[in-house]
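Thanks for coming. I will take one structure today and go through a few of its local features in turn.

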Amino acid sequence: MFGRRRARREFLDAQQAGNAMLRTLDALPAPGTPAPEVPDFLPADLRAPTRQDMAGLMMPYNQPLVLNGEIRSCPTCGAYRDWIIFAMRDDSVWLRCRGGHETPEYGLDAAWVNRNSGPVDKVHSSLDEGLRHLGH
């Protein structure tokens, strides 16, 4: 007698849970209808710019730069350390020595810069402001 009551109660509980699940599925939009617009998590003025939004990325590189077993030096003044490395939006890489001489570096690519640079800690509005921030 009690076994039939327990089985009937379990059956009714399972039936009610299935009906509740069907009600939630009926509330979902039909396939092919556009989803409602949800605002972004952060407002636009609080989001960090992506690398495509910036003209380039600059990073200090204080030790000697060794490429293919050779130490890279400035062709103008001969400096071989304390570089600023620029990774431009067009994937070109430039070096700037302490003396202010800039030269393209074909032995490096944007992937190398991404592997060796840390996270972006500051966004500058001009090149001069960025160089002052890095001490050049």
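A residue counts as buried when its relative accessible area is under 20%, as exposed when that area is over 50%, and as partly exposed in between. Please keep in mind that this is a predicted model.

I start with Asp 82. The residue sits in the loop between β3 and β4. Its relative accessible area is 18%, so Asp 82 is buried. Asp 82 is not a glycine, yet its phi is positive, about 65°.

Asp 82 also takes part in a salt bridge. The partner is Arg 98, and the closest N and O atoms are 2.7 Å apart. This pair connects distant parts of the chain, since Arg 98 belongs to the loop between β5 (93-96) and β6, while Asp 82 is in the loop between β3 and β4, 16 residues apart. Arg 98 has a relative accessibility of 47% and therefore counts as partly exposed.

How many salt bridges are there by this rule? The count comes to three. Another of them joins Arg 72 and Glu 105, with 2.3 Å between the closest N and O atoms. Here too distant parts of the chain are linked: Arg 72 lies in strand β3 and Glu 105 in the loop between β6 (102-104) and α2, 33 residues apart. Are these two residues buried or exposed? Both Arg 72 and Glu 105 are buried.

A further salt bridge is formed by the side chains of Glu 102 and Arg 96, at 2.8 Å from N to O. Glu 102, at 41% relative accessibility, counts as partly exposed. Arg 96 has a relative accessibility of 17%, so Arg 96 counts as buried.

Back to backbone angles. Asn 68 is not a glycine either, and has a positive phi of about 55°. The residue is found in the loop between β2 (65-67) and β3 (70-72). With a relative accessible area of 81%, Asn 68 is exposed. Asp 82, by contrast, is buried at 18%.

Rolling a probe the size of a water molecule over the atoms shows where empty space is left. The largest pocket holds about 620 Å³ of space. Which elements give two or more residues to its lining? They are β1 (56-61), β4 (83-88) and α3 (127-133). Strand β1 makes the largest share of that lining, with five residues.

In total, 25 residues line the largest pocket, and those nearest its centre are Gly 56, Leu 57, Met 58, Met 59 and His 124. By type, the lining divides into 14 nonpolar, eight polar and three charged residues.

Met 21, Leu 22, Leu 25 and Leu 28 make a nonpolar surface patch of about 410 Å². One of these, Leu 25, is in helix α1 (residues 2-27). Leu 25 counts as partly exposed because its relative accessibility is 47%, and a residue needs over 30% relative accessible area to be part of a patch.

Ser 126 is placed in the loop between α2 (110-116) and α3. Its relative accessible area is 35%, which makes Ser 126 partly exposed. How far apart are Ser 126 and Glu 37, in sequence and in space? They are separated by 89 residues in sequence and by 36 Å in space, C-alpha to C-alpha.

That is the end of the tour.

Methods:
Residues are numbered from 1 along each chain as its sequence is written. This is a predicted model: local features need pLDDT of at least 70, side-chain atom pairs count only at pLDDT 80 or more; totals for chains, interfaces and linings use all residues. Side-chain values use heavy atoms; hydrogens and water are left out. Patches are made of residues with over 30% relative accessible area and no salt bridge: like charges are joined within 9 Å, nonpolar side chains (Val, Leu, Ile, Met, Phe, Trp, Tyr) within 5 Å. Accessible areas come from the Shrake-Rupley method with a 1.4 Å probe; for residues, only the protein chains shown count as cover. A salt bridge is a side-chain nitrogen of Lys or Arg within 4 Å of a carboxyl oxygen of Asp or Glu. Helices (H or I, at least four residues) and strands (E, at least two) are DSSP runs, numbered from the N terminus. Buried means under 20% relative accessible area, exposed over 50%, partly exposed in between (1.4 Å probe, protein chains only). On a 1 Å grid over the protein atoms alone, a cavity is a set of points where a 1.4 Å probe fits but cannot get out, and a pocket is an open set with protein on both sides within 12 Å along at least five of seven lines; lining residues have an atom within 4 Å of a point. Grid points are joined across faces, edges and corners, and a volume is the space filled by probe spheres set on the points. Ala, Val, Leu, Ile, Met, Phe, Trp, Tyr, Cys and Pro count as nonpolar, Asp, Glu, Lys and Arg as charged, and the others, Gly among them, as polar.
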